[in-house]
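Dear colleague,

I am handing over the structure below, together with notes on what turned up in it. Please read the notes alongside the coordinates and reply with any comments.

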Amino acid sequence: MGSIEVTSIGFIGLGAMGSPMAGHLAAKLPEETHIFVFDVVQSLVDQICQQYPQKVTGCSSAREVAEKSKIIFTMLPEGKHVRSVYTEGPDCICSTDVANKLLVDCSTIDTASSLYVKDFIAERFPTASFYDAPVSGGVVGAQKASIAFFFGCKEDDENLPRLMRLLEMMGKQIIPCGGPSLGLAAKLSNNYLSGVIAIACSEAFDMGMRSGLDPRVLAKVYNAGTAQNTISDRFCPVPGVYPEAPSTKGYTNGFKVQLMRKDFSLAVEMAERVGSKNVLGQIGLDTYDKASKDERCRDLDSRVVYRYLGGNEDWQKDHQ
């Protein structure tokens with residue numbers, strides 16, 4: 001496929017992750033590049049258009065975005081939404097001609113849905129290219145442009161350099177994972193591990209604190225020892241240990257526990273499908289399932305599992 005001038009970019013899905021990602025493109029792309037956006041929530045479209053009036057134009061459908069854009073990014077909640085936006089109905093992306101266009105889905109969904117969309121596009125538009133590129137780093141990472149992209153393509157893909165330049169405007173690390181759906185396989189594997197660590201981290205802090213330790217001391221111990229991990233260091237589930245952690249801000253502005261439950265479930269399904277034995281899988285899934293339904297935890301950052309497990313959030317009273 002020949003080279004594509006990046007004169008028009010599309011972005012569909014302007015939620016907590018998609019909106020700041022599209023905003024980074026608007027802020028960093030040259031003046032001659034225009035961005036066309038769509039979301040089912042009109043107020044989100046209006047918000048980014050008001051923020052970047054010279055660079056961003058709202059559209060009435062995914063189809064309109066696809067008609068006006070050479071490269072299209074999508075950031076959607078679930079596999080059913082990705083299938084719908086790309087392949088279903090008169091207003092979907094593939095209801096218009098997307099020949100020679102690059103389509104990049106940043107959603108975290110099941111690998112089967114992603115491969116279905118890829119095959120659907122390949123059959124109808126052989127010169128179009130569809131990629132999975134799920135992200136890690138949460139809402140804060142999206143806002144700071146520090147997220148990582150797990151890119152479902154090979155390192156020698158001819159479109160990689162062009163897409164890398166765009167992805168680097170939205171994130172810090174771009175890791176080609178080898179081919180279609182492998183970005184998602186990497187992401188689900190990552191989130192399974194992250195979810196298990198958050199539970200283990202919450203339990204470890206809790207047992208140490210109940211034994212009389214200051215959680216700030218525990219955090220230093222974990223960081224210096226073999227238990228060192230990003231959850232403890234930067235997403236500490238105990239409020240007040242790390243200032244920037246969602247827990248310190250009432251478990252807000254993070255990766256919602258319902259989304260962790262979704263990703264964890266997708267990871268467990270993937271493990272079963274490929275024959276991987278996961279002794280912690282069902283236990284972890286049950287924990288996030290119950291936490292996501294708990295009124296004290298719902299809609300909050302997934303590290304609120306510390307609260308669900310009975311951790312002490314008012315520890316500072318004991319350590320003044």
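The charged end of Arg83 lies over the ring of Tyr116, at 4.4 Å from the ring centre, where a charge counts as sitting over a ring if NZ of Lys or CZ of Arg is within 6 Å of the ring centre and within 35 degrees of the ring normal. In a second case of this kind, the charged end of Arg124 sits over the ring of Phe120, 3.5 Å from its centre. Please bear in mind that this is a predicted model, in which local features need pLDDT of at least 70 and side-chain atom pairs count only at pLDDT 80 or more, while totals for chains, interfaces and linings use all residues. Residues are numbered from 1 along each chain as its sequence is written, and side-chain values use heavy atoms, with hydrogens and water left out.

Rings of Phe, Tyr and Trp (its six-membered ring) are taken as a pair if their centres lie within 6.5 Å, with planes under 30 degrees apart called stacked, over 60 edge-to-face and the rest tilted. By this rule there are seven aromatic pairs. One of them joins Tyr116 and Phe120, a tilted pair with 6.1 Å from centre to centre and 40° between the planes. Both residues belong to helix H5 (residues 111-124), where Tyr116 and Phe120 are four residues apart, about one turn of the helix; helices here are DSSP runs (H or I, at least four residues), as strands are (E, at least two), numbered from the N terminus. Tyr116 is partly exposed because its relative accessibility is 36%, whereas Phe120, at 14%, counts as buried; buried means under 20% relative accessible area, exposed over 50% and partly exposed in between (1.4 Å probe, protein chains only).

The pair of Phe264 and Tyr288 is also tilted, because the ring centres are 5.6 Å apart and the planes stand at 45°. This pair links distant parts of the chain, with Phe264 in helix H11 (residues 257-274) and Tyr288 in helix H12 (residues 281-293), 24 residues apart. Phe264 and Tyr288 are both buried, and together with Tyr192 they form one aromatic cluster.

Finally, UniProt lists residues 8-177 in an unreviewed entry as "domain: 6-phosphogluconate dehydrogenase NADP-binding", with positions given in the numbering used here, feature names shortened, and annotations that may be inferred rather than shown by experiment. Over residues 8-177 the chain is 41% helix and 22% strand, and the end C-alpha atoms lie 27 Å apart.
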